[in-house]
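Dear colleague,

Please find below the structure that I am handing over to you. My findings follow it, arranged by topic.

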There are 2 protein chains.
Amino acid sequence: MIEGAQEKIGVVLLSGGLDSSVVLAHAISRGFRAYALTVRYGQRHGVEIDAARRVARALGATEHRVIDLDLGGFGGSALTTDQQVPKGPREPGADPIPATYVPARNTVLLSLALAWAEALGARDLFVGVSSVDYSGYPDCRPAFVEEFERVANLGTRAAEGGEPFRIHAPLIRKSKAQTVALGVELGVDLGLTRSCYDPAPDGAPCRECEACQLRAKGFDEAGVADPVRGGDPR
Amino acid sequence: MIEGAQEKIGVVLLSGGLDSSVVLAHAISRGFRAYALTVRYGQRHGVEIDAARRVARALGATEHRVIDLDLGGFGGSALTTDQQVPKGPREPGADPIPATYVPARNTVLLSLALAWAEALGARDLFVGVSSVDYSGYPDCRPAFVEEFERVANLGTRAAEGGEPFRIHAPLIRKSKAQTVALGVELGVDLGLTRSCYDPAPDGAPCRECEACQLRAKGFDEAGVADPVRGGDPR
């Protein structure tokens, strides 16, 4: 860093999946000291959390914090309850928002990132949402992210003036293949990331849930071999 | 309830203070089955949580849930750290947002209420913010609440159509005296509520912090004696 230059600080939501890991690398490549935030919100498995820890370490996050919040207790999602994770292609005429949607998850996650950012004096938040090869979750679309940025600037000290908050969603209009390519370009070890909604106890992906399907499609279209073949790397 | 009538469900943020308790009574008086949500977010004392439990029981909330979330770990507020709670009148020229502000607190609390509401199938959220006799917190103002309502309707299943979310902030333009009067009118036992930022171990209010000062002013102007005199009632 050039001496005397302003240090940029960003808070990055990190699930341990492909997208958020690439976003962490993107933030660091843009010169941000990255504070990575992982929320253990009641996912049925800890595979994602372990992946997040490995990714944060490998990419050089300045700090990685894992916080607990029992969203699962509210119910309403196959990701946090005993409800079965859907496998295989979607039925025609099915609900456009699948059972794996977690009610208001990204609103909650962004609000927590905002709270940490404000406490740190950061004004930049990074989130790995995409509205291209995605599951149809409403809280992954550009209009949602833009609206949340307005909330951030009204509901914090930024409302009194000074530098506004910026919500960066660098993947929002990227296909999964473009995200894979960006990850490769940024030198991310994609073998550390985990996307599966329903992994085996050893961390091996099921290869049938929608997250596995989207990931496989992305690697295929990018012409890259997915380094994740079996269970957890270490 | 008239047989066959649609049952209305609302999620009410309940801190155990005067304002949120009056809002809970308001929601119930409007015919809502009230799901009260209290967040133990790292407040230095449990007095508010105890008060919330008593109030939820006394007013007949359908369910009262207390969830844990360590906002205090992020720092940045006198309410969640060792930093001293300011006492007495404000210094001239002081920061318009005092040290008791918790970064992004109401964004976080509303997002949690939204998550629970969506899981319950509720579309009505109630929050006791006011922008009249208040501490200057940005996340208590009408523009913030209106903007959050837009986020709620973009970041959930409501984005696909159907009934939109409504954020009710019935006190937002009421003075503290008007809130006290409304509480009396609705039959709220105001002696169960606790407002102090820095209570004694037995729950007795300090009478010097800004929350105590605003509460005293409200009761005075309403011509009502504050039933809270000492420590916890039971």
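**Helix packing within each chain**

H5(A) passes H6(A) in a right-handed crossing (a crossing is right-handed if the near helix is turned clockwise from the far one by less than a right angle, and left-handed if anticlockwise). Please note that this is a predicted model, in which local features need pLDDT of at least 70 and side-chain atom pairs count only at pLDDT 80 or more, while totals for chains, interfaces and linings use all residues. Residues are numbered from 1 along each chain as its sequence is written, and chains are lettered from A and ligands numbered from 1 in the order in which they are written. Helices (H or I, at least four residues) and strands (E, at least two) are DSSP runs, numbered from the N terminus.

In chain A, helix H5 (residues 176–185) and helix H6 (residues 210–222) pack at an angle of about 65 degrees, and their axes are 7 Å apart. Axes here are lines fitted to C-alpha atoms, for helices over the stretch in contact, and angles run from 0 to 180 degrees between N-to-C directions. H5(A) and H6(A) are therefore roughly perpendicular to each other (65 to 115 degrees; under 35 counts as roughly parallel, over 145 as roughly antiparallel and the rest as oblique). From H5(A), A:Lys176, A:Ala177, A:Thr179, A:Val180 and A:Ala181 meet A:Leu214, A:Arg215, A:Lys217, A:Gly218, A:Phe219, A:Glu221 and A:Ala222 of H6(A); contact requires C-beta atoms, placed from the backbone, to lie within 7 Å. This contact of H5(A) with H6(A) comprises six nonpolar, two polar and four charged residues. Ala, Val, Leu, Ile, Met, Phe, Trp, Tyr, Cys and Pro count as nonpolar, Asp, Glu, Lys and Arg as charged, and the others, Gly among them, as polar.

In chain B, helix H5 (residues 176–185) and helix H6 (residues 210–222) pack at about 65 degrees with axes 7 Å apart, and H5(B) passes H6(B) in a right-handed crossing.

**Between the chains**

The contact takes 36 residues from chain A and 36 residues from chain B. On the side of chain A that touches chain B, H3(A) gives the most, with ten residues. By class, that side of chain A has 21 nonpolar, eight polar and seven charged residues.

Helix H3 (residues 105–120) of chain A packs with helix H3 (residues 105–120) of chain B at an angle of about 165 degrees, their axes being 9 Å apart. H3(A) and H3(B) are therefore roughly antiparallel to each other, and their crossing is left-handed. The residues of this contact of H3(A) with H3(B) are eight nonpolar, four polar and no charged.

Not counting residues up to four places away in sequence, the contacts of A:Val12 include A:Leu24, A:Tyr35 and A:Phe126.

A:Ala104, in the loop between strand E3 (63–68) and H3 of chain A, has a positive phi of about 60 degrees although it is not a glycine. A:Ala104 counts as buried, with 30 C-beta neighbours inside 10 Å (buried means 20 or more other C-beta atoms within 10 Å, exposed 12 or fewer, partly exposed in between, with C-beta atoms placed from the backbone). B:Arg207, in the loop between H5 and H6 of chain B, has a positive phi near 65 degrees. B:Arg207 is exposed, with 12 other C-beta atoms within 10 Å.

With kind regards

Methods: Contact = placed C-beta atoms within 7 Å.
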